[in-house]
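Hello,

Here is the structure we spoke about, with notes on what turned up in it. Please read them beside the model.

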Amino acid sequence: MKKYIKYMASLLAVSFAMSACIDLEEMNVDPNNATTTNPSLLLTGVAYSAFNQTSSDACHAAKMLILTSGESKYQVYKWTRGDFDYYSNLRDVTKMSEEAGEGSAYQALAHFFRANYFYQLTLDFGSIPYTDALKAETDANYQPAYDSQEVVLAGILKELEEADKMLEGSDEIISGDIIYNGNLVNWRKLINAYRLRILMSLSGKEKVGDIDVKSEFSKIVADGPLMESLSDNGQLIYLDQQDNRYPYFNDSDFGSGRFMDSTYIAELATRQDPRLFAVATQTPNAEKAGKAINDFSSYDGGDPAVPYSLVNDKAVAGNCSKPAPRYYQTPTNEPMVLLGYVEQQLILAEAVVRGWIQGDDKIYYESAVKASFEFYQKYAVSVADYLTQDAAAEYLRNDKVAYSSSLSTDEKIERIIMQKYLPTFLQGSVWLPYYEALRTGYPDFRRAAGVSLPYRWMYPQDEYNNNATHVEAALNEQFGGSDKTSDKPWWLQ
């Protein structure tokens, strides 16, 4: 009997201990701090961060904007170290992919967002952490090795190909999509256009990894799908709500020290391009003189090759145009286009010129220009009458714009790249116009004598502090140990 009592007492004690452990575990779960997240909730934030990208600094480097309140290091090409901030965005992308499940549409979109960020990072720096990146939580790898730029570019092209295949024929219903409202065919169009963007940026290369640049480009065009109109644009539409407004809304710099660059004004004015009226104001003196909106002589800007104090003098005298007020006074203004139909059509036109694909480069070129006019007509409402399709047709007859078979290859590429460049003012292409100038030589950005265009940014100081072995190995492999903005990365060699 005593043995039975002892046994029962022991059993009760064990049972109580077990139940106590379970209760404690359950009690330690914070219901307000979930360990899992629905990927649709993550997609909204991931997409907003990726598409809400623009840079006034890039507009300084691309000779669209100029400062009178101080010297912009981007305007005079004196930048040094960059940052790895995009890796913070990539952590959210990784989380979305993990929560999505193998083979889901969310995982396919994660491949796209990864490609977008890694593409920008490798163009900014050269070699970067890619294969080993973002493994701190899973593998406790806090010091990732760097991959060569060629490996990164080949890798993201394969990720985009995989994303397209995953979405092909998919009828999965996704939510949280603020870009295409769950339309997976539109996502495929954007993904394929992005593949074309990357491949065209490698026009100086025959292969990237085991990918043949020309044949891969041709295959994508043949297999599709690709964008068919502005309605397929990969763009973020803004709302007049807190945290959803146009990024330059109420930006004080636009109301004071920021003016138009005279070189950008000249590119538009010499072509009699009415999109000028959509992006800039007349000079105060021209407006006081009662000059018409469509008088191209009533627009001017500051010279980026002279000291900013002289630009300030010109602005004070009333002879500098400012960005159109809609950029800083309208909460919704225009969508931010990460990659759109206009750019895609111009990429296709260049591909025809280079002999990568068959087609009519003139049709591609003119469809891009007409679509750009259509975009500005819709969103620059006050000057919409100057941006009709009839105005676009007249513009395409201008000697500096007209496209014909009689042009040389260089002349054709110059016109194509110029039409890529002109609609990128404060747009989501960010540094693309600058990189296109590095790739093609067009436009030739005005700068002071003896000033060269930087090819990249130096690596962040944090990498030297926390990942010195790998950053130094990457520099030795690329540039013989150098880390300068004048070091030319693989894609430009």
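**Notes on the model**

The side chain of R415 reaches the backbone oxygen of D399 at a distance of 3.0 Å. That value, like the others below, comes from a predicted model.

R415 is part of helix α19. The residue is buried yet has no salt bridge. The nearest side chain of opposite charge belongs to E414, 4.4 Å away, whereas a salt bridge requires a nitrogen-to-oxygen distance within 4 Å. Leaving aside residues up to four places away in sequence, R415 touches Y365, D399, K400, V401, A402 and L407.

**Overall**

The protein chain has 22 helices and 6 strands. Its C-alpha trace spans about 115 × 50 × 50 Å along the principal axes. Of its 493 residues, 54% count as buried. Among contacts in the chain with a separation of 6 or more, 74% are between residues 24 or more positions apart.

**Salt bridges**

The count of salt bridges comes to 29.

D483 and R81 meet through their side chains, with N to O at 3.9 Å. This pair links distant parts of the chain, 402 residues apart: D483 is in the segment after α22 (468-479), and R81 is in the loop between β1 (65-67) and α4 (86-100). D483 has a relative accessible area of 11% and is therefore buried. R81, at 33% relative accessibility, counts as partly exposed.

E161 and K165 form a salt bridge within one helix, their closest N and O atoms being 3.5 Å apart. Both residues lie in α7 (residues 149-167), and because they are 4 residues apart there, about one helical turn separates them. E161 is partly exposed, with a relative accessible area of 23%.

The side chains of E436 and K420 form a salt bridge with an N to O distance of 2.7 Å. E436 lies in helix α20 (residues 432-440) and K420 in helix α19, so the pair ties together parts 16 residues apart in sequence. E436 and K420 are both buried.

**Aromatic pairs and charges over rings**

A search of the whole structure gives 45 aromatic pairs. Two of them are set out below.

The ring centres of F113 and W187 are 5.9 Å apart and the planes are at 70°, so this pair is edge-to-face. F113 belongs to helix α5 (residues 105-125) and W187 to helix α8 (residues 184-201), so the pair ties together parts 74 residues apart in sequence. F113 and W187 are both buried.

For F277 and F296, the ring centres are 5.1 Å apart and the planes are at 40°, so the pair is tilted. F277 is in helix α12, while F296 is in the loop between α13 (284-288) and α14 (308-316), so the pair ties together parts 19 residues apart in sequence. Both F277 and F296 are buried.

Charged groups also sit over rings in two places described here. K322 lies over the face of F259, 4.0 Å from the ring centre. The charged end of R326 is placed over the ring of Y327, at 4.4 Å from the centre of that ring.

**Helix α11**

How many of the 8 residues of helix α11 (residues 262-269) are buried? The number is 6, so the helix is largely enclosed by the rest of the structure. The buried residues are S262, T263, Y264, I265, L268 and A269. They pack against β5 (258-260), α12 (276-279) and α19 (409-421).

Regards

Methods: Residues numbered from 1 in each chain as written. Predicted model: local features only at pLDDT ≥ 70, side-chain atom pairs only at ≥ 80, totals over all residues. Heavy atoms only, no water. Buried < 20%, exposed > 50% of the residue type's maximum accessible area, 1.4 Å probe, protein only. Helix = DSSP H or I, 4+ residues; strand = E, 2+ residues; numbered from the N terminus. Contact = heavy atoms within 4.5 Å. Phe/Tyr/Trp six-rings, centres within 6.5 Å; stacked < 30°, edge-to-face > 60°. Lys NZ or Arg CZ within 6 Å of the ring centre and 35° of its normal. Lys, Arg positive; Asp, Glu negative; His and termini not counted. Polar contact = N/O pair within 3.5 Å; in protein donor to acceptor, adjacent residues only side chain to side chain.
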